[in-house]
Amino acid sequence: MCAAASTTDQEQQFLTAVQQAIATNQFERLVLSQYQGERVDLEKISMRRIELQNRPIIQCVFKYKTQDVTQNFEPDQAIIEIELLLSQSKQANLFSTLHEVQLKKTKKKVLLTQHKIQSSSVQASKTSHDREKNRLLDQNSPYLQHLGICDAQAQLIPSMARKWKQINKFVEIFSNALSQIPSSDHALKVVDFGSGKGYLTFALYDYLLKQQQTPSVTGVELNDQMVQFCQKVAEKSEFSQLEFFQGDVRSYQPEHLDVMIALHACDIATDFAIHTGIRLNASVIMCAPCCHKELRPQMQSPVLLQPMLQFGIHAGQQAEMLTDTIRALLLKAYGYESKVFEFVALEHTSKNKMILATKRREFTEPDPLVLEQIKALKQHYGIKKHSLELLLSDQWEQHDLGKKC
Ligand SMILES: C[S@@+](CC[C@H](N)C(=O)[O-])C[C@H]1O[C@@H](n2cnc3c(N)ncnc32)[C@H](O)[C@@H]1O
């Protein structure tokens, strides 16, 4: 199909094609180029459909001359945004699973062209679509073979399927959190505390590179063999700004930090990592705590809860919930907006709780109301010591002493 008519008609037809593609899950990609609107240095906008917490989201990358800015939209919001951007761009290309539609504005006319995708390429696209499931990570990236997640044909090794799912989910959450913080002109500094075999550390680095960000990523890990293994894979993958540090999370003190990650760092290693994040004013703090050992031995059952907590499993779950509630509240008290949620469906892993915190306010002093809530919870359960609380209050005392001297 090829036609020339008024701009509004052609744009409307193009927009309808976009709406239909999104509504029928056939939307793959939309590229708006030769932007002419008011956003200074914006050159191109590219959008694709992803899934975040099992919801379809349109992820939009605004490509400026010197940086990329990623923003996620609910499908309805995306249509409104696309309508505006379409009126400000000279060219738009829609790629759905069935069609490619192009809108091109020249001085004299507006052209709308549409091609059906050949059935073989539909099939190819469908297969790759199924394989990728709109994931943010590319299965063809060589580091996945070096890490033993994919084979030489870039096919997922079956025993790694759960890990792969978890990594993808995690990168989705990371990408969403990143889109909520102001972009900066320096290399994004990410530290992964308790990086283990580095699955996530590599995935984050690769993801940031593909977003044309300049990442500087460090994995911190106690186990020397894992560190050596990861260093070798980083070299083979030519990831020059990815490094691994052998040492204890408790003593690793970077000078600067934008994103703090601690995924399944054992027990109070999570508290030390969160503390480093807060102390260095990280914009994003993400952790999936595990091995909650600190509060369980201290916990006394309140009388009313004794019939419930007499069962060991319930007492364990309660201790875990209390540990992570106090962590999330402390983040809130120290200037973060914190969320606690399940990040991978339970059938994929039992360690599936995420605490995600984004810096929200200029911090002057810990919020006394939230500190009161923590105190009341601790009293209720007879808790004397929570590591993150202790680290933060020590730090705050030092800060106060510093001011008095
Ligand atoms: C369960 S693994 C998780 C690895 C990785 N984050 C992931 O999710 O795939 C926990 C890792 O944290 C490391 N670890 C535990 N305590 C640590 C500490 N205090 N300092 C540094 N690494 C630590 C362990 O050696 C282990 O490799």
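In this predicted model, the axes of helix α5, which spans residues 161-179, and of helix α6 come within 10 Å and cross at roughly 50 degrees. The crossing in which α5 passes α6 is right-handed. On the side of α5, the contact is formed by Lys 163, Ile 167, Phe 170, Val 171, Phe 174 and Ser 175, while α6 contributes Tyr 199, Leu 200, Ala 203, Leu 204 and Tyr 207. Sorted by class, the residues in this contact of α5 with α6 comprise nine nonpolar, one polar and one charged.

A second pair of helices is formed by α10, residues 312-333, and α11, residues 368-381, whose axes come within 9 Å and cross at roughly 165 degrees. Because angles over 145 degrees count as roughly antiparallel, this crossing makes α10 roughly antiparallel to α11. The handedness of the crossing of α10 and α11 is left-handed. Leu 322, Thr 325, Ile 326, Leu 329, Leu 330, Lys 332 and Ala 333 of α10 meet a set of residues in α11 that consists of Val 370, Leu 371, Gln 373, Ile 374, Leu 377 and Tyr 381. In the contact of α10 with α11 there are 10 nonpolar, two polar and one charged residues.

The ligand is surrounded by 18 residues, of which the closest are Gly 194, Gly 196, Leu 222, Val 249 and His 264. Two or more residues of this shell are given by each of the elements α6 (199-210), β10 (215-221) and β12 (259-266), and among the elements β12 gives the most, with four residues. The shell around the ligand is made up of 10 nonpolar, five polar and three charged residues.

At the level of the whole chain, the domain assignment gives domain 1, residues 2-132, and domain 2, residues 142-404. The centres of domain 1 and domain 2, taken over C-alpha atoms, are separated by 35 Å, and nine residues of domain 1 are in contact with nine residues of domain 2. On the side of domain 1 that touches domain 2, the strands β3 (42-52) and β5 (68-73) are the elements that give two or more residues, and β5 supplies the largest share, five residues. This side of domain 1 holds four nonpolar residues, four polar residues and one charged residue.

Key. Residues numbered from 1 in each chain as written. Predicted model: local features only at pLDDT ≥ 70, side-chain atom pairs only at ≥ 80, totals over all residues. Near = placed C-beta within 6 Å. Nonpolar A, V, L, I, M, F, W, Y, C, P; charged D, E, K, R; others polar. Domains from an automatic or database assignment. Contact = placed C-beta atoms within 7 Å. Axes fitted to C-alpha atoms, helices over the stretch in contact; angles between N-to-C directions. Left-handed = near helix turned anticlockwise from the far one by under 90°. Parallel < 35°, antiparallel > 145°, perpendicular 65-115°, else oblique.
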